[in-house]
Amino acid sequence: MIQGEEAKKLHPTLSYLVQKQSLVVPLIAVLVAFLIGSVLIALQGVNPVGAYQTIFNAALGSERGLLRTLEKTTPLILAGLAVAVALRVGLFNIGAQGQLIMGAFFATWAGFTFTNLPALLHVFVGLLAGVIAGGLWAAIAGVLKAYRGVHEVISTIMLNSIAIALLDYLVNHPFKEPGQALPRTVPIFETAQLPKLGFVPVGFLLALLVAMFISWVINRTTAGFQFNTVGANKFAAAYAGIKIKYIVVASMLLSGGLAGLGGAVESLGITYRFEPAFNKGLGFDGITIALLARANPLATIPAAFLVGVLRSGAPSLQFDYGIEPEIVDLLLAITLLLVAAPILGKLIFRKYAKKSETISSGWGS
Amino acid sequence: MSKFLTRHQKPVLWTLLVVFIAYGFYFWDSVRTTSILNFTLSYALPLILAAMVGIIGERSGVVNIGIEGQMLFSAFVAFFAAAATGSLIMGAFLGMAAGLLAGAFLGIAAVRWEMDQIIAGVVINIVAAGITSFYYTPGKSLPAIVPRIKIPVLSEIPLLGPVFFNKSVFVYLTLIIVVVLQIMLFTSKWGLRTRAVGEYPSAADTAGINVFRTRIFNVAIAGILAGTAGAYLSLDAAGWFERGFTAGRGFLALAIMIFGAWNPLGAMAAALFFGFASGMASQLQADEVINIPQQFINMLPYVMTLVVLSFSAGKVRPPAAVGQPYKKEG
């Protein structure tokens, strides 16, 4: 943190910026990443200004583009929240992707299996199925961590691969749409579809509400306090009587539930069915978003929106300039590098730079 | 020799037992046994190398979650360098250099910047995925295939000959690396220093070992091995490159490292076991002895990892200082 006496000697504006550096650094990181990106785009023989204009125009310039951007942002907020919540407990859930697709599938399953449910109830059942599927999938990693000492980074990655294979089986065999070449499920019933309010998808509003709720839980409730305490110092937490194993499992359950909800919202609100080609990479973007937001639940909203804009606008970049949409992966990777590595903070704030926080330590339980 | 045998009774006996059983199967069905063991070795090879990367890092106190990204990046560089220059050797060399670069980044990030090691590793993975998917260009091909080198006399032995002694340079290199690393880690000055830095860095520091330099050097050198694994994957094992090409092998390798209790030979045995299980399952599937959907066969190594870890993770002890950035006191 900032050293009180020294900070007072600074110009007030500077001192304000130093205090707000967890906001300033990501913003500058994004800018620098865009600058580096423009060099890379220029190296491909394309005018970077035009390229960025194309991205933002396509993503924000029209009602259709904006709708697509909001639709992209929705699961990203939830995936970012999923990673952020676990980070608060000192757990690095890099399996949001697996939990998300489990949620997407089981929400779809509830959507095409239950008949004669009233519309509102059916949507609710579908979302719940997604939350439960994602939550339980992550809870496997939580239980393995708490009771068997298996590091969550390895177990969640393994669970990602297992989820992909499992769902690939499910959509190719028991739940394959009859008479279809593509491996995918039948569409969900209309009663299970998430509607739109005007041109705003309900799922997006839901994601905003969930982000606010999680922010409240983390910052204002006993459970959130326990989460933060375990994350900050688990020895102190144990000494204070917090049941660490229980918190580890509960936080993974919550984290996976959020990722599962992200998948469910996408299935019920956008794709209306499950197909493995959808939902690719959302969970991994969640990692970038959570780190960009420094594990602050509310900050995942703008971070996810930024990623959503890039993801939504990138395809037209390929259409207009022939630049692969994977430029977004590169841009996000550079941003993540700049945010996660304390280079920028040190360059800008010198001795006032915050120490990079240690989130996880080794393989110990 | 006799000292070696008395000190390592268990592993020697196990190895003899495995060889004995393998020959039993060989006389029963030579074709299938050879084919399964060939599969085992080629499956295990990148895992062995990647596990060595993990072992060197963790023995010196640095967690390397970025092996996956290091391999992916080097596989990419090796393939496109070989395709562009028309030389496999150039490709392999540049692939290893790419691994060194990625390793050095982890070393500097984890040690100099005191960055969270897990995050640094994940950043490597994401950056590697970003670079390799953006600069990926389809339609390139390798100038040649990696030649097999037949070792005289040894390659004539039934079963062991074709499986171990008629392979590409990558196989020999890997086997040599494992043995050398095993010996170096436990008998050389470098090994003692490495382990000291990973177990009790402040004591090592007091004894005059430069903790920072040792860690950065080791993690960077380990990067070369990750580069070798990547080059093997794209130049030899596959002969092509695709986005997301390494398919989680870097993470399997970490599990194998733990299963092998941070010992090079132990990790090699674990990797061979993984390869054997997958090879066996595929063979049984192909022979229609068992009829399991392909997806469940694909799942096998990952499920095995979880099961193996949940039984072994609590039992073996990681190097004491792994994951903790070292800070000088005062």
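Visitor: What percentage of the contacts in chain A with a separation of 6 or more is accounted for by residues 24 or more positions apart? And please take helix H6 of chain B as the part to look at closely.

Guide: This is a predicted model. In chain A, 77% of the contacts with a separation of 6 or more come from residues 24 or more positions apart. Chain A holds 16 helices and 2 strands. Its C-alpha atoms fill a box of roughly 70 × 60 × 35 Å along the principal axes. The radius of gyration of chain A is 21 Å, which agrees with the value near 21 Å for a compact globule of 365 residues. Of those 365 residues, 52% count as buried.

Just after H13(A), Arg294(A) has a positive phi of about 50°.

H6(B) covers residues 117-134. Start with the interface. There, 39 residues of chain B are in contact with 41 residues of chain A. On the chain B side, the elements giving two or more residues are H6(B), helix H12 (249-259) and helix H14 (294-312). H6(B) supplies the largest share, 11 residues. By class, this side of chain B has 27 nonpolar, 10 polar and 2 charged residues.

H6(B) also packs within its own chain. Two packed helices are described by the angle between their axes and the distance between the axes. The partner is helix H5 of chain B, residues 88-112. The angle between H5(B) and H6(B) is about 150°, and their axes are 9 Å apart. An angle over 145 degrees counts as roughly antiparallel. H5(B) and H6(B) are therefore roughly antiparallel to each other. Their crossing is right-handed.

Which residues meet there? H5(B) brings Ala102(B), Phe105(B), Leu106(B), Ala109(B) and Ala110(B). H6(B) brings Gln117(B), Ala120(B), Gly121(B) and Ile124(B). By class, this contact has 7 nonpolar, 2 polar and no charged residues.

One more site in chain B. Ser202(B) lies in helix H10, residues 201-206. Ser202(B) is partly exposed, with 13 other C-beta atoms within 10 Å. Leu41(B) is 161 residues away along the chain, and the C-alpha atoms of Leu41(B) and Ser202(B) are separated by 40 Å.

Technical notes. Residues numbered from 1 in each chain as written. Chains lettered and ligands numbered in written order. Predicted model: local features only at pLDDT ≥ 70, side-chain atom pairs only at ≥ 80, totals over all residues. Helix = DSSP H or I, 4+ residues; strand = E, 2+ residues; numbered from the N terminus. Rg over C-alpha atoms; globule rule 2.2 N^0.38 Å. Buried ≥ 20, exposed ≤ 12 C-beta atoms within 10 Å, placed from the backbone. Contact = placed C-beta atoms within 7 Å. Nonpolar A, V, L, I, M, F, W, Y, C, P; charged D, E, K, R; others polar. Axes fitted to C-alpha atoms, helices over the stretch in contact; angles between N-to-C directions. Parallel < 35°, antiparallel > 145°, perpendicular 65-115°, else oblique. Left-handed = near helix turned anticlockwise from the far one by under 90°.
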